[in-house]
Every structure is written in C-alpha cells, then in structure tokens.
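This report describes selected features of a predicted model. The sequence and structure are shown first, followed by the description.

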Amino acid sequence: MKLKNTLGATIASILAASSLSAFAQGQGAVEAEAFAKRYFTDSYRNMSDGNLYGGSLSYFITDKVSLGLSYGDYSDLRSDKRNTEHSNGAAKRQKVKGSLATFDATYHFRNNGDALRPYLSAGVGHQSISNLKGERHDSNRDRTTFAVVGAGVKWYITENLFTRAGVEGLYGLDNHQSEWQAGLGVGVNFGGAPKAAKVVDPVACVDSDFDGVCDEVDLCPDTPAGTPVDANGCPVEAETVRVELDVKFDFDKDVVRKDSYADIENLADFMKQFPQTATTVEGHTDSTGPAAYNQKLSERRANSVRNVLVQTYGVEGERVNSVGYGATRPIADNATREGRALNRRVEAEVEAQVQ
C-alpha cells in the first residue's frame, strides 16, 4: 500500500504539472520524475535482485547543474534465507521490504532546449531494508550508506516533458560492497527562466555608391561620394541661411553706438554656429565732405565693427575682413537729412548651407 501511495502521488503531481503553461528550462527550473529501476544486489547479502519504484525532485542551480532528492520503495526483493515456521513446515524464501533515499548533483551536457541531454551524477544514498521472518515476527533491519554515481540521457519530448534512461553504481560505505541499478523515468520540467530569443544577425546590404542606402531601395544610384542623401538615397538640397548686419553711425563718427551691439552679437553667434563661414565688413558714408576724407572715415567705421566682432564677441580675426567704400555706394538720397542718415552705415552678410 505504501508503494502504491508513493507512485500515485508522484504520477499525480506530474500529470498536474504537465497541464501548466508557464514552463521553461534553465536555471531555477524544477524537475519532478517518477521512476522504475532494476536493483542488482551484491552476493554477500544473500538476496535476489528486485525492483525500486519511486520519484524524485530536483532544482537547477545553473543551466546545467541540478541538485535532487529521490525516494523509492523496493519490490520483489527476497532473502535466500528460508522460513520453515509455517504450519505445513514447507520452506519459503523471506520477503524483504525497504527503501532507498538519495541526494545527488547532476551535470547536464549540451544546452537548454536540446532534445537529448546526456548527464553524469554523483551523490549519497541511505538504504533501509528488513528481512521479515514472518508477518507476526520481529524484523531484522539493515541500514547502509552508499556513495552513488550515475550516467544516462534525458530525452525532452517537448520543452517540458521528458523521459530518462540511466544506470547507477552504489558503493557501500559501511560494508564496502558494490551494487548497481538501471532504470527508466518520466518527468516534467517547469519554473525556469524563459528561453533566450535567438538573435539573427542582419544580412549586410549592397551599397554600391556608399551613400548609406542599400541598392535595393536606392532610388538615386551612383550618387557622388560625400553627397548628403535622404532615406531613398537621393541628394538632399541644401538650404541657405543668412544673417545681415546694418550698423548706423552718427555724423562724422566712427564709434559704434551702444544700440548696435545686440545686432553685432547676433552675427557673431551665427558665425560661431557655422565655423566654416567668413564675412567682409563694409563701411560707408554720406556725400558730405571731401571724397578722400569719406574714404578714410568709411574704413575706420568698418574696422570699428570688425573690432567688436573679434575683440568683444570672440570671432577669429582671420574670418573677418573689412573694407571701406566712402560715399560711392549710397542706398538713399544724400539730398535729404534722412537719406544721409541711412547712408552712414556698416554692412555685413554671412551665409551658410544647412542640409
């Protein structure tokens, strides 16, 4: 009855676990198994060979190493000693009852998800058997501690359902005798980490014009090297951005007025944003006074604005030129007061290409 209860509970747990969906192999997984083994005894015991039925539970501490506990009850073991105490005086071989509990570590070869996984195991076991002289007589119990080593293979029928075949050698640490057993098992695996998704390396595309767009989607093949392109491989037209400067001066003065500094700073910021740019500062005057004087005045005005760009706002000197045009390029009528005020000026312009 005890044997049937043990097997029944083990099989029931396997069937119940197999109905779950959150199964996975690997570190953290648990394996529950029901097994049947043929037990081959050493001759010194004076016992016939028998069977061992039971179950095991193991836990994977890594993807390949598990620690397990097993328990089984013996069946069909009989002692060679004869019992002649029956009413008819007939000789009868004694039944032997007992159990074997083991603790072992198992190393699994190959990887999670492989159908076949060979293994090696090592551990210790405790055996307790009794030679019964009769149903109403006391028993003589024998206890043995074994060193247990084993080898076998597991076949994972699905990700989580497996069968196992293996052999085990048992060496008695108490009696120094060697025995062995071979068996089959069926079990389930659940609770481990999910299988890692396989990473598929992207297939390298062919890019004949080296513009960063694969030929199969490149709508503009043979783009010249270094040309900026869009997602279709076609050249991107550059956009021109521009900053203009117009600084006004008082009559016959070359000093930059305070209200012009913000405009000059704006130009300096633009040139710092686009360090490949350069500019020429152009000075002008109205028509009042001699031409030679106006020429010199326009040059001084241009230099005054250049100095603010370079010395005050940090634009590199080699990027800023200055030139004076005197009164030769008016933008308004010098015959009026308002026109002359517009002509007393310094102009500059900077352009940049933005993709």
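## Residue S66 in strand β3

S66 lies in strand β3, which spans residues 65–75. Its relative accessibility is 2%, under the 20% limit, so S66 counts as buried. Leaving aside residues up to four places away in sequence, S66 touches S58, Y59, F60 and I61, and also D104, A105, T106 and H108.

## The four-stranded sheet

An open sheet is formed by four strands in the order β10-β13-β11-β12, with mixed pairing. Strands β10 (239–248) and β12 (320–324) stand at the edges; each has a single partner strand, so one side of each has no neighbour in the sheet. On average, neighbouring strands of this sheet are turned by 20° against each other, direction ignored.

Within the sheet, β11 (residues 279–283) and β13 (residues 345–354) pair in the antiparallel sense over two bridges. In this arrangement, E282 stands opposite E347 in β13.

## Helices on the sheet

Helix α2 (residues 261–273) packs on the sheet and touches β10, β11, β12 and β13. The direction of α2 makes about 150° with that of β10. Helix α3 (residues 291–312) also packs on the sheet, with contacts to β10, β11, β12 and β13. For α3, the direction makes about 160° with that of β12.

## Packing of α2 against α3

The helices α2 and α3 pack at an angle of about 60°, and their axes are 10 Å apart. They are therefore oblique to each other, and their crossing is right-handed. On the α2 side the contact is made by Y261, I264, L267 and A268, and on the α3 side by V305, V308 and L309. Classified by residue type, the contact of α2 with α3 has seven nonpolar residues, no polar ones and no charged ones.

## Positive phi angles in loops

Most residues other than glycine have a negative phi. D76 is placed in the loop between β3 and β4 (77–83). With 49% relative accessibility, D76 counts as partly exposed, because the exposed class begins over 50%.

F210 likewise has a positive phi, of about 55°, although it is not a glycine. The loop between β9 (178–190) and β10 contains F210. Its relative accessibility is 73%, so F210 counts as exposed.

Definitions and conventions. Residues numbered from 1 in each chain as written. Predicted model: local features only at pLDDT ≥ 70, side-chain atom pairs only at ≥ 80, totals over all residues. Heavy atoms only, no water. Pairing = 2+ DSSP bridges. Axes fitted to C-alpha atoms, helices over the stretch in contact; angles between N-to-C directions. Contact = heavy atoms within 4.5 Å. Buried < 20%, exposed > 50% of the residue type's maximum accessible area, 1.4 Å probe, protein only. Parallel < 35°, antiparallel > 145°, perpendicular 65-115°, else oblique. Left-handed = near helix turned anticlockwise from the far one by under 90°. Nonpolar A, V, L, I, M, F, W, Y, C, P; charged D, E, K, R; others polar.
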